[in-house]
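Keep the sequence and the model open while reading.

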Amino acid sequence: MSFESDLLAILPRLRRFAASLSRDRADGDDLCQAALERGLKARDQWQPGTRLDSWMYRIMRNLWIDEARARQRAAKTFAPEEAGAHVGHAGDRDVEAHMMLSDVDRAMQALPEEQREAIALVLVEGLSYKEAAAVLGVPMGTLTSRLVRGRGALLELMGEAA
């Protein structure tokens with residue numbers, strides 16, 4: 001397979017991670033696009049045989065840090081467009097599931113950035129602890145600590161939501 005097709009195959013995972021970092025789908029899509037652009041320009045720096053997803057997560061995280069430092073903007077108060085997609089939907093189970101996902105999303109957004117990143121990489125994207133620690137540039141013990149604190153905070157926040 002080619003570099004481009006490999007990149008296309010991990011695109012949904014990149015978008016999820018970008019949305020998790022930015023806390024907003026639109027900003028996440030912009031971040032994902034910027035990361036893809038940078039990855040394509042730097043494709044000669046990627047080592048074939050290594051994990052392309054980890055390499056791209058690292059690029060994306062570095063871009064996010066750079067952007068956050070440059071903007072230093074306040075959190076957005078607007079709800080994403082997708083939040084209104086099921087308004088007026090009659091299916092009780094669909095509404096319940098949507099509400100649960102909204103609760104989880106709100107709980108994830110309430111976590112500190114370090115915990116949110118760790119949870120997004122390990123629990124959502126399925127990276128190993130070692131891979132996630134490398135993406136975040138932290139020791140494995142630090143990643144483990146962030147995961148433990150993040151899981152505890154999520155359970156507490158979800159308990160409050162229930």
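In which helix is S20 found? S20 sits in helix α2. Helices (H or I, at least four residues) and strands (E, at least two) are DSSP runs, numbered from the N terminus.

## Basis of the model

This is a predicted model, where local features need pLDDT of at least 70, side-chain atom pairs count only at pLDDT 80 or more, and totals for chains, interfaces and linings use all residues. Residues are numbered from 1 along each chain as its sequence is written, and side-chain values use heavy atoms, with hydrogens and water left out.

S20 is buried, with a relative accessible area of 14%. Buried means under 20% relative accessible area, exposed means over 50%, and partly exposed lies in between (1.4 Å probe, protein chains only).

Which residues does S20 contact, leaving aside its neighbours within four places in sequence? They are M108, R116 and A120. Contact here means heavy atoms within 4.5 Å. S20 and M108 are 88 residues apart in sequence, yet their C-alpha atoms are 8.0 Å apart in space.

A salt bridge is a side-chain nitrogen of Lys or Arg within 4 Å of a carboxyl oxygen of Asp or Glu. By this rule the model has nine salt bridges.

One of them joins the side chains of R43 and E4, at 2.5 Å from N to O. This pair links distant parts of the chain, 39 residues apart. R43 is in the loop between α3 (25-41) and α4 (52-71), and E4 is in helix α1 (residues 3-9). R43 is partly exposed at 34% relative accessibility. E4 is also partly exposed, at 38%.

## Salt bridges: R13 and D53

The side chains of R13 and D53 form a salt bridge at 2.9 Å, N to O. R13 lies in helix α2 (residues 11-22) and D53 in helix α4, so the pair ties together parts 40 residues apart in sequence. R13 is partly exposed, with a relative accessible area of 21%. D53 is buried, at 6%.

E131 and R51 form a salt bridge, with their closest N and O atoms 2.5 Å apart. Where do the two partners lie? E131 is in helix α7 (residues 129-136), while R51 is in the loop between α3 and α4, 80 residues apart. R51 is partly exposed at 36% relative accessibility.

Salt bridges that share partners join R13, R16, R51, D53, E125 and E131 into one network.
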